[in-house]
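My notes are below, in the order I looked things up.

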Amino acid sequence: MSQPLKPRPDAFPPVPENNDVKAIQMATTIAEMADWDRYPTYSTYVAMMNRWVEQYPSICRLDTIGTSVNGRLILCMVIKGESAMDNNPEFFYSSTMHGDEVTGYVMMLHLIDTLLSGYGSNQQYTDLIDSVDIYINPLSNPDGTYFRGDNTVSGSIRYNANFVDLNRNYPDPFGTAPLDPEQPENTAMIAYFTNHHFLLSANLHGGSEVMNYPWDSFTSSQRPHPNREWWMEVCKRFVDTCRMYSRSCFRDVNSEGYIAGGDWYVISNGRQDYVNYYHNCLEMTMEVSSVKTLSSDKLPSYWRFLQNSFVNYIKEILSITPDDPVAIHDVYAQTMGNDCNLALYPNPAGDRVFLRESMPMESVLYNAYGAEVLRLPAHQKVLDISSLPTGLYILRCGINSTKFIKR
Ligand SMILES: [Zn+2]
């Protein structure tokens with residue numbers, strides 16, 4: 001029998017780590033980030049994001065996803081090549097919704113710098129940026145990270161300023177209401193997902209080294225993700241590449257370095273399952289360092305083994321096409337084990353949307369937050385959606401479902 005798994009850190013209250021405060025070096029200027037062996041102060045972080053836009057105006061722009069409880073910015077760098085097509089697939093990286101899990105924060109900043117500075121000189125990066133619209137949100141819980149103030153990440157906390165765990169605060173597709181009201185950081189993130197169509201994404205954490213693919217809400221024997229085989233291949237490629245640079249990485253949960261989330265530990269109200277289910281986006285959780293708040297001098301060695309895998313993971317989006325056997329068509333329908341014969345037109349829709357065939361029972365319309373917004377009686381075929389805001393909607397009838405965009 002295999003060894004018992006290490007408990008998922010997410011499942012337990014935070015244990016103060018034995019951080020040597022002296023091991024956390026902060027960069028108070030952009031220049032001090034040159035060797036990537038420090039954490040930026042909050043103002044250095046904001047300055048870096050703005051500097052990149054000044055330096056590379058033709059291939060990037062800065063989005064503000066929203067603001068935190070204490071008014072800090074939740075930023076996203078959008079990287080789109082000069083030769084990019086309008087309909088390129090959209091990819092999303094987002095780190096550090098647990099404020100004390102800061103390795104991914106610096107890794108994402110380093111990735112932004114590497115991609116932007118490599119455009120035009122490194123063929124691999126140039127091709128990638130021209131073929132995929134890359135969105136990178138390095139810090140999704142800035143109040144947790146800068147809990148002791150803008151000038152240090154020492155004393156950072158898992159939670160946001162309301163002491164809510166943002167990874168237990170998403171609408172749960174499988175039925176559990178979050179304990180706390182939806183937090184501003186998550187409301188903003190949900191709106192960002194609703195206004196884009198990310199096909200592939202990842203959220204980054206620390207505390208373990210393991211690639212955690214969906215679902216988190218079930219074990220794989222209870223309900224496997226419809227794209228489980230694809231996930232396992234993608235995770236294996238990620239870990240194998242890291243181990244070419246560090247043989248010891250991604251080993252603290254199991255020898256593979258990847259696992260179905262629920263097989264490690266079942267959680268509800270997490271972001272990963274919400275995104276897979278309601279946004280039809282393949283999102284996974286990357287736990288990238290065993291220590292949550294790494295000593296800053298260790299950051300370059302993590303970058304060394306992670307960097308190629310981060311780039312390659314973006315590239316995996318190009319393997320997701322409608323004709324591909326591993327393609328994601330409708331996670332919701334596949335998860336519920338039906339082949340979705342509820343058909344609607346037009347899509348995107350205006351004020352009204354029509355069923356191709358009337359249904360024998362009542363249908364229920366949900367918004368992207370999972371809230372019920374309308375009911376359609378049995379045997380009717382016209383849904384008046386003129387009073388609803390624009391966005392993604394899901395119509396369910398029994399075990400059947402379909403989704404559409406209202407514009
Ligand atoms: Zn975490």
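I started with W36, which I found in the loop between β1 (26-27) and β2 (39-40). For the element names I used DSSP runs numbered from the N terminus: helices are H or I with at least four residues, strands are E with at least two. The phi of W36 is near 55°, a positive value in a residue other than glycine. I noted this because most residues other than glycine have a negative phi. W36 counts as partly exposed because it has 17 C-beta neighbours inside 10 Å. My cut-offs: buried is 20 or more other C-beta atoms within 10 Å of the residue's own, exposed is 12 or fewer, and partly exposed is in between, with C-beta atoms placed from the backbone.

A word on the source: this is a predicted model, where local features need pLDDT of at least 70, side-chain atom pairs count only at pLDDT 80 or more, and totals for chains, interfaces and linings use all residues. Residues are numbered from 1 along each chain as its sequence is written.

Next I checked F163, in the loop between α4 (142-145) and α5 (184-195). Its phi is positive too, near 60°, and F163 is not a glycine. Is F163 buried or exposed? It counts as exposed, because I get 11 C-beta neighbours inside 10 Å.

Then I turned to the peptide bonds, most of which are trans in general. Y345 and P346 are joined by a cis bond, with omega about -10°. P346 sits in the loop between β11 (344-345) and β12 (352-355). Another cis peptide bond links N347 to P348, with omega about 0°. I placed P348 in the loop between β11 and β12.
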